[in-house]
Amino acid sequence: MRARAVAGGIVSSIAVLVIGWQLGGQPAVTAPSQSTTSGTASGSGSSGNGSSGSTASGTGGSSVSGTFTGDATETRYGPVQVRITVAGGKITDVTALQLTDHDGRSVQISQQAAPILRQEALAAQSASIQAVSGATFTSEGYTTSLQSAIDKAGL
Amino acid sequence: MIDTARPTAHPFTAPPATEPLAVAARRRDRSRRRRSATTDLLGILAWISAAVAVALWLASPGSHSVVGIGGWLTDAGIVAGLIATDLVLVMLVLAARVPLIDRTFGQDTAIAVHRSLGKPVLYLLLAHGALLTLGYGASAGTGPIVETIALFSTPDMPLAYLGLGLFVAVVVSSLVAVRRRLPYEAWHVIHLLSYAAVLVALPHMLSAGSVLAAGTWQRAYWIAMYVLALGLIAVYRFAVPFVVTVRHRIRVVGVEPIAPGVVSIHLAGRDLDRLGARGGQYGVWRFWTATTWWHAHPVSFSAVPGRDRARITVRDLGAGSSRLGRIRPGAFVSLEGPYGLFTSRARTAPYLALVASGIGITPVRALLEDTDLRPGEATVLLRGRDAQQQYLWRETADLAATTGSRLFAMVGHRARSRATWMPEEDLRRGVTLLSVFPRLLESDLYVCGPRAWSDLVVREARLAGVPEHQIHQERFES
C-alpha cells in the first residue's frame with residue numbers, strides 16, 4: 001500500500017512539474033520590440049514620457065538637442081526604460097523611467113545599479129558600457145533601452 | 001461515590017447485534033480498503049503539494065534561463081525555501097488533529113510523520129538561507145557577510161531571519177536527546193513558536209520573492225495554502241475543543257486511588273454519549289485548578305462514556321500527572337478529542353487478540369467493552385510487573401467473562417537475559433505470542449503498554465507473520 005502511495009506521488013509530482021515547466025519559459029530578456037508605443041523620435045508617448053527634440057539643420061555634423069525615450073525592455077525582473085537628454089549632440093543626462101522592480105530584491109539592486117550605469121553612459125557617450133555586477137538583468141535592459149534612445153536621437 | 005459514577009455502555013456507541021462472520025469480514029475488508037485508499041490519497045496529495053511548490057518556480061519568468069553560478073545558487077535557494085515552506089504547512093496539517101486524518105491513519109501516525117519531517121525541513125530552510133546569501137553574493141561579487149548585512153537592510157528580511165531562528169529553536173527542542181531533558185511545558189511553549197515562525201516568514205516571501213510577486217497566480221495559491229493550514233489548526237485545535245468543552249461541561253466528581261500512583265478520575269457532564277467516543281480512544285484533558293490548568297494530559301477513556309458519566313484512569317507518569325491525584329471534586333475539565341484509531345472500527349480480521357501492560361490496560365478495557373464479540377472471538381493477555389500493577393484487572397476479567405473471551409495474566413518483571421516482553425519464567429516455559437493466541441494470524445492484535453515493551457510484542461507478531469494491517473499499537477508517550 002505504501003508502494004502505491006509513493007508511486008502515485010512520484011507520477012503525479014512529475015506531471016505537476018511538467019505542467020509548471022510548460023507554464024513558464026519566458027526568456028530573460030526579450031529584444032525590444034519596434035512596435036513599442038512609447039518612445040518615438042518626436043511626439044508624446046503613452047505615459048507622457050515621449051521624446052521631443054530637434055535636429056538642427058545647421059552645418060557641421062550633428063547638433064541634436066532634446067529628450068529621447070528608449071524602448072521599454074522586458075527583463076526577467078520587470079521592464080527597464082531610460083530617457084536621455086541631449087544637448088548639442090552630447091548626452092547630458094540619462095533618466096531611468098522604469099527599472100527592474102519585480103520584487104523587493106530587484107528594487108534594491110536597481111537602485112544600486114542605476115547611478116553607476118548613468119555615470120558610465122555619460123562617460124562613454126554610448127551604450128557600450130560595462131554591466132554592473134550583481135545587476136546583470138538591470139544592466140542588459142538599461143543598455144538595450146539606452147541604445148534605442150541613442151538611435152532615435154540619431155547620434 | 002465510586003460505584004455510582006461507574007460508566008455504563010450506552011445505545012449510541014453500542015454495536016449492532018452480532019452479525020454473521022462473513023458479513024463482518026466483508027464490512028471490515030471494505031473499511032480497510034477505504035482507509036488504505038484514503039491514506040494513499042492523502043500521501044499523494046502531500047507529494048503533489050511539494051511538486052506544486054517547485055512548479056511555482058518553474059512557471060515563474062526566468063526559471064528557464066538561469067544565468068551564472070550566482071543565478072543557479074539563488075534559484076536553488078528559492079526552490080529549497082518553497083519546498084521547506086510547503087512541508088511546514090503539511091506538518092501543520094498533520095498536527096491539526098483533522099478528523100479525516102485521525103479516522104484514516106490515526107493521530108499518532110500523523111504525529112510520527114510530522115516528526116520525521118522536522119529535520120529535513122530545518123535543513124531545507126538553512127539551505128534556503130545559505131544558498132540565497134551565496135547566490136546574491138556571487139552575483140554582486142560580494143562575500144556572504146557583506147551580503148547578509150545587505151539582506152538585513154531589505155524590507156521584511158529581519159522578520160525572515162527571526163522566523164528561521166524560531167524554526168531552529170523548535171526543531172532543536174524536539175530532538176529526542178534535547179526533548180528528554182526539557183519539561184513538557186517548556187517544549188510545548190517553544191513548539192507553539194512555530195505558529196509565529198510560519199507567520200513572520202510570510203512577508204519576505206511575498207515582498208522579496210520574485211516567484212510570488214504581486215498579481216501572480218502563484219501568490220494566490222501560496223496564500224490559499226497558508227489559509228488552509230492555519231485554518232485547519234484554528235478550527236480543529238482551538239474552535240472544536242472549545243465547543244466540545246462548553247457543550248459538555250465536564251466536571252470531576254471523584255478521584256479514586258486504585259493502586260499506588262494510579263487514580264481513576266470520575267467525570268460528569270452533559271450528553272457525554274454524544275462525544276462519540278469509542279472504546280479505546282483518548283482525549284487530551286485539562287483540569288482547571290490552580291496547580292493543574294497549565295498541563296494537558298493525553299489520557300484514554302478507561303470505560304465507554306455513559307450519558308452523563310465518564311471515567312479516565314491515570315498513572316503517575318510525570319510531574320503534572322502526580323498532581324491529578326489531589327484534584328478535588330467539582331474541578332472544571334476541558335477536553336480535546338476523543339481521538340485515536342485503537343478501536344473496533346480499525347479491525348480487519350475475524351478474531352481479536354488484546355495485549356495490555358500496566359496502565360496500558362485502559363484503552364484495552366474500554367475496547368473490550370465496546371466490541372461486539374462472539375464467544376471465543378477475543379483473547380486477552382494482561383501483563384503486570386507485580387501484584388500491585390494489576391489496574392482494572394478485575395473489571396476486565398468480568399468483561400471477558402460476559403463476552404465469552406479468554407483471559408490470561410502474566411505477572412513478573414521482564415526477563416533480562418534477552419530482549420523480550422515476557423518474564424523469565426514464561427520465556428523458559430516456551431510461551432510465545434502464538435501459544436497464547438493460537439489464531440494470531442487471523443486476529444487483529446491490539447497492543448498497549450510502555451513503548452519499548454509493546455515494540456517487542458509487535459516485533460514478535462511480525463516475525464510470526466501477522467500482516468501489518470492487523471497490528472494496532474497505541475503508543476503511550478508525549
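In what order do the six strands of the open sheet in chain B sit? Keep that in mind while you look through these close-ups, which come from a predicted model.

**View 1. The open sheet of chain B, strand by strand.** Here's the order: S4-S3-S6-S1-S2-S5, with antiparallel pairing. Look at strand S4 (296-300) and strand S5 (309-315): they stand at the edges with a single partner strand each, so one side of each has no neighbour in the sheet. The sheet's neighbouring strands are also turned against each other, by 35° on average if you ignore direction.

**View 2. Strands S1 and S6 of chain B, paired up.** Zoom in on S1 (residues 250-259) and S6 (residues 332-339), and you'll find two bridges joining them in the antiparallel sense.

**View 3. Helix H9 of chain B lying across S1 and S6.** This helix covers residues 217-248 and runs at about 125° to S6(B).

**View 4. Helix H6 of chain B and its buried residues.** Now pick out the buried residues: B:Ala160, B:Gly163, B:Leu166, B:Phe167, B:Val170 and B:Val171.

**View 5. What the buried residues of H6(B) pack against.** Their packing partners are two other helices of chain B, H4 (107-140) and H8 (184-207).

Notes:
Residues numbered from 1 in each chain as written. Chains lettered and ligands numbered in written order. Predicted model: local features only at pLDDT ≥ 70, side-chain atom pairs only at ≥ 80, totals over all residues. Buried ≥ 20, exposed ≤ 12 C-beta atoms within 10 Å, placed from the backbone. Helix = DSSP H or I, 4+ residues; strand = E, 2+ residues; numbered from the N terminus. Contact = placed C-beta atoms within 7 Å. Pairing = 2+ DSSP bridges. Axes fitted to C-alpha atoms, helices over the stretch in contact; angles between N-to-C directions.
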